[in-house]
Amino acid sequence: MNQQSKKSLSIVSPSEISPLEISPSEIVRPIFIIEDDPDFAEIYQKHLMRYFPEIPVQVFYNAIEANAAFSELSEEELPSLIILDVLLTGPDGFTLLNELLSYSETSQIPVLLISSLNLSKFSLKAYNVRAILNKETFTPEDFLNKVQDILKSTNNLSSQNDDLAMRGLEGSHA
């Protein structure tokens, strides 16, 4: 992805968008970002922290770091969502997906894949891939809507939350 694409991904407007809320009775599990490009990782993290402020975010810059973290977590500490770049330095995202699939505790964690490869969601369903975003073309609105949809579908956001479009993101383009 070129510098222009990175710059456009970081722009979200309008500034008065209110963050989403999680009901107090829900257990808040973190979102893991696994991305080897520090610029993208920071952009994803900033958007998540702004629109999902109650959800902790952890960033890993390679599959080895992420896998080590998984081995140290209890089942209650596992993430509510993994945002995974497929083309990582070292072991790639598919290697990590295979590792996660091999353990019952981690095999059910929803995954949002981000890649410039042409991938089919259907062929990755066994890995609990809930959505795929094309790294070259997706907008901040696409990213936030997919995250929200996945968290809602797994009951990690309360049903009282409105769609991001209702909170002012509709029509904003990066």
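Me: In which hand does α3 pass α4 in its crossing?

Reply: This is a predicted model, in which local features need pLDDT of at least 70, side-chain atom pairs count only at pLDDT 80 or more, and totals for chains, interfaces and linings use all residues. Residues are numbered from 1 along each chain as its sequence is written, and side-chain values use heavy atoms, leaving out hydrogens and water. A crossing is right-handed if the near helix is turned clockwise from the far one by less than a right angle, and left-handed if anticlockwise. Here, the crossing of α3 past α4 is right-handed.

Me: Thanks! At what angle do helix α3 and helix α4 pack?

Reply: Axes are lines fitted to C-alpha atoms, for helices over the stretch in contact, and angles run from 0 to 180 degrees between N-to-C directions. For α3 (residues 63-72) and α4 (residues 93-101), the angle is about 15° and the axes lie 10 Å apart. Angles under 35 degrees count as roughly parallel, and α3 and α4 are therefore roughly parallel to each other.

Me: Which residues in α3 meet α4?

Reply: Contact means heavy atoms within 4.5 Å. From α3 come Ala-63, Ala-66, Asn-67 and Phe-70, and they meet Leu-96, Glu-99 and Leu-100 in α4. The residues of this contact comprise five nonpolar, one polar and one charged.

Me: And how many helices and strands has the chain?

Reply: Helices (H or I, at least four residues) and strands (E, at least two) are DSSP runs, numbered from the N terminus. The chain has six helices and five strands, in the order α-β-α-β-α-β-α-α-β-β-α along the sequence.

Methods
Angles under 35 degrees count as roughly parallel, over 145 as roughly antiparallel, 65 to 115 as roughly perpendicular and the rest as oblique. Ala, Val, Leu, Ile, Met, Phe, Trp, Tyr, Cys and Pro count as nonpolar, Asp, Glu, Lys and Arg as charged, and the others, Gly among them, as polar.
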